[in-house]
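Let's walk through this model together, from a whole chain down to single residues. Please keep the viewer open as you read.

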Amino acid sequence: MKNIKNIALINFMIAIILFTSCSDNSDTIGPSQIDTNTPILSELDIWLRNNFVEPYNIEVSYLWGGSNFDIARFLYPMREEGVRRWSETINKTWIEPYNALGGADFIAKITPRQLVYSGGFNYNPNSPTITLGIAEAGTRITFFNLDFLDYSDVNSISRPLQTLHHEYGHILNQTIPFSDNFGLITPADYTAQWFNLSNQEALDLGFITPYASSQEGEDFVEILATMLTNSKEDFDDIVSNASPSGQAFIRQKQEIVLSYFQDNFNINLFELQELTHQALLNSLD
Amino acid sequence: MKKIFNYIFSFLILTLTLNSCEVDRTESVFVDTPSERIEKTIGELRTLLLSQEQGFSGIYFPNNSVVGGVNFYMNFTQDLRVKITSDFKEDTSITDSRYDIVTGTTAAELIFTSGSRHITDLVQDGAAGFDSFFGNNSFQYVGEENGVITFRDIRSDGIFVISPSGFGNFEAESVLSANTTYIERQNFTNVDCATESVFNQLVMQINSGSEIINYILSYNPDNIFFDAETTNAQGISASQNFGAAFTLINGESALKISPAIEVGDNSFESFILNQSTDSNQYVATVNGATATISSISLSEPSGEDIDPEVPTFGPNGYLYRPSLGGDPLTSNCFREEIIGQMETNMDNLFGAGRLTFFDFIFFFDFNSDACANQLLIRFDDNATGDLISIRYCFDRGVILNDRLYQNYIGTFGNPLDDLLEGAVMPLLDFFNSPIASGVPSGNGLLYTNEGTFFNAGFNVDGTFTNLDTPSYRVQALFFNP
């Protein structure tokens with residue numbers, strides 16, 4: 001009994017010591033020290049919010065943030081004075097035509113969430129090529145060498161627009177894949193050394209551009225992008241320069257691209273081509 | 001047993017008491033929390049950059065291994081905008097772009113968030129060779145001392161140092177300063193072909209009183225970069241490379257180099273233009289020791305390489321074709337005032353770009369005056385794709401005191417030779433080194449043998465300099481038939 005009392009007493013003492021010896025004197029959690037102030041917005045920023053963020057939920061990122069770019073490349077931010085005009089060009093030549101045929105909220109529903117602008121060329125190391133644009137995870141399209149746009153030269157403007165239509169084609173494909181039959185048309189001629197092909201060699205093999213020969217996914221979107229940055233007549237002229245077998249291959253592929261848009265999005269691609277090409281011409285000086 | 005039990009319990013209680021409230025043994029390295037420290041550094045840099053109503057001036061050395069420095073002038077405003085000019089390119093007009101101060105990996109960083117060509121041209125030029133970064137948009141804040149703010153360019157290890165501009169009117173004075181230093185940089189390499197000599201050499205002499213060290217300098221104006229080489233009394237060579245910035249120090253035209261030249265305890269970094277001389281002479285003075293960058297006249301080579309008995313000086317011909325390359329000893333004055341002038345003359349005759357210089361071949365002959373000593377000049381006709389050949393005659397070559405003399409006597413006689421004689425007169429004048437009755441009236445042509453050149457066989461490589469206008473030198477080869 002005495003032992004039990006002793007044990008009880010000792011346990012009581014231990015409990016007192018344990019409860020009282022470690023007092024919690026930490027401060028209460030204060031307000032956040034992270035700067036949550038609204039960033040300073042320029043007129044340009046407000047315009048971009050009104051024309052891209054609010055209607056389409058697309059962020060246009062033109063300010064330099066290292067995480068958007070590979071620091072091992074010779075890249076730098078775009079000059080501010082070119083941002084609005086390039087954004088308007090995108091709006092007229094991409095968003096408005098798609099929305100006109102696919103429905104007012106077509107772009108808002110299937111869209112990259114971020115457009116990133118870079119002023120400098122994205123030179124590829126150990127390769128005689130530059131990267132014109134990148135699409136990442138269906139959420140972001142990055143444009144390069146935008147400081148060098150010349151609105152008096154249709155080729156200068158159609159080149160980055162081809163990048164846009166190309167990358168957006170990937171995003172559409174990520175939403176709805178295209179037919180496996182596409183890859184069966186010229187399966188043996190896809191090559192990682194695509195940059196060794198001339199335009200003519202690519203056409204003769206059944207590829208609309210040399211890059212189209214890199215893999216079937218690129219092949220699909222290169223046909224799309226070439227269509228949407230050229231008039232129907234110009235596109236037909238390009239195809240007519242291919243060898244007979246090359247023409248046949250390209251036309252087979254084009255049929256699949258046309259069906260893909262018609263069947264999945266109820267868009268007549270020839271009508272879209274007319275709208276995008278006219279918008280391209282209208283965007284020039 | 002009971003005692004033992006009590007002792008164990010007492011010991012346990014003591015142990016619990018001592019250990020349960022462990023003293024916080026972590027050291028308080030920082031007084032402030034991380035976010036407070038970040039905000040403090042960013043705030044410090046922001047306050048510094050906004051403290052100068054008339055902005056800052058400074059020099060950015062992007063990469064001490066490959067490129068020199070550029071003068072920058074920047075004026076930061078509260079709304080995250082910055083006005084910038086620099087002397088990197090001829091266009092020194094101010095750009096208005098954006099900046100931000102953010103948290104970097106280890107410190108605050110100044111980022112030029114939108115493009116200013118004064119910054120981006122450096123990156124673009126660096127991209128030309130895929131080999132080196134010449135510039136960046138992000139600069140790590142290193143610190144501030146006596147108003148001088150130092151940044152580091154982490155990517156290429158560049159250093160960017162700025163201090164208050166001291167201007168009364170930033171927009172006017174910054175552009176004026178950038179123009180001044182840009183022109184000084186151009187003047188450093190501008191030569192007057194009428195007075196310049198290919199035997200002038202850029203040197204740096206360091207005189208510490210007890211010791212003199214001479215460096216032979218090679219300057220690359222594209223990269224604003226010097227290669228310096230010295231040879232000691234024992235014949236051992238040493239080299240050092242450094243970038244330069246043509247700048248203003250206390251209003252005086254100056255040359256700042258990076259890295260500094262270290263000799264003994266002296267560090268030579270800032271060279272002031274010596275206004276009392278006509279030539280470009282920059283002098284740095286440290287503790288009574290001086291380092292002087294200047295151009296000196298070296299004695300010309302002896303010319304003993306020339307020998308009419310050597311088979312190369314025969315009918316095989318001395319060929320100068322720029323497209324072959326490999327002629328670094330051909331002077332700019334020769335390229336611009338002889339080759340360039342001939343092309344300009346052709347443009348005036350036939351329209352711009354119709355005829356472009358292809359090559360010339362001088363067939364030397366020392367025995368005949370019947371046009372065996374002959375100059376063949378060829379031009380590409382870009383309208384037809386044809387190669388146009390024209391020929392001009394010289395009296396036999398004469399070698400006196402290791403110099404070549406020969407008189408130009410006229411065209412070969414074809415109509416085209418006659419038609420174009422005036423247009424190619426600069427080249428005819430270059431090879432015309434008059435001599436009459438064995439008595440020269442000028443200084444002659446100097447020949448130097450520069451070794452051999454392999455092109456489907458060994459060719460002798462050599463230069464000719466017209467010693468009456470010693471800024472004209474051509475390097476070419478005697479080709480094997």
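How many helices and strands does the secondary structure of chain A come to? Chain A comes to 10 helices and 6 strands, where helices (H or I, at least four residues) and strands (E, at least two) are DSSP runs numbered from the N terminus. This is a predicted model, in which local features need pLDDT of at least 70 and side-chain atom pairs count only at pLDDT 80 or more, while totals for chains, interfaces and linings use all residues. Residues are numbered from 1 along each chain as its sequence is written, and chains are lettered from A and ligands numbered from 1 in the order in which they are written.

Chain A has 285 residues, and 35% of them count as buried. Here a residue is buried if 20 or more other C-beta atoms, placed from the backbone, lie within 10 Å of its own. Among contacts in chain A with a separation of 6 or more, 70% come from residues 24 or more positions apart; two residues are in contact if their C-beta atoms, placed from the backbone, lie within 7 Å.

Asn145(A) sits in the loop between β6 (140–143) and α5 (154–175) of chain A. Asn145(A) counts as buried because 22 other C-beta atoms lie within 10 Å. Beyond its neighbours within four places in sequence, Asn145(A) is in contact with Gly120(A) and Phe121(A). Its C-alpha atom is also separated by 8.0 Å from that of Met78(A), 67 residues apart along the chain.

Next, look at a helix pair. In chain A, α7 (residues 216–228) and α9 (residues 244–265) pack at an angle of about 80°, with their axes 10 Å apart. The two helices are therefore roughly perpendicular, a term for angles of 65 to 115 degrees. On the α7(A) side the contact is made by Asp219(A), Phe220(A), Ile223(A) and Leu224(A), and on the α9(A) side by Lys253(A), Gln254(A) and Val257(A).

Finally, turn to chain B. Helix α5(B), residues 332–350, has 19 residues and reaches 25 Å from its first C-alpha to its last, close to the 27 Å expected at 1.5 Å a residue (1.5 Å times one less than the number of residues). At Gly340(B), α5(B) bends by about 35°, the angle between axes fitted to the seven residues ending there and the seven starting there. Buried residues in α5(B) include Phe334(B), Ile338(B) and Met342(B). Their cover includes β18 (355–363) and β19 (373–381) of chain B. Just after α5(B), Gly351(B) takes a positive phi of about 100°.

Technical notes
A residue is buried if 20 or more other C-beta atoms lie within 10 Å of its own, exposed if 12 or fewer, and partly exposed in between; C-beta atoms are placed from the backbone. Axes are lines fitted to C-alpha atoms, for helices over the stretch in contact, and angles run from 0 to 180 degrees between N-to-C directions. Angles under 35 degrees count as roughly parallel, over 145 as roughly antiparallel, 65 to 115 as roughly perpendicular and the rest as oblique.
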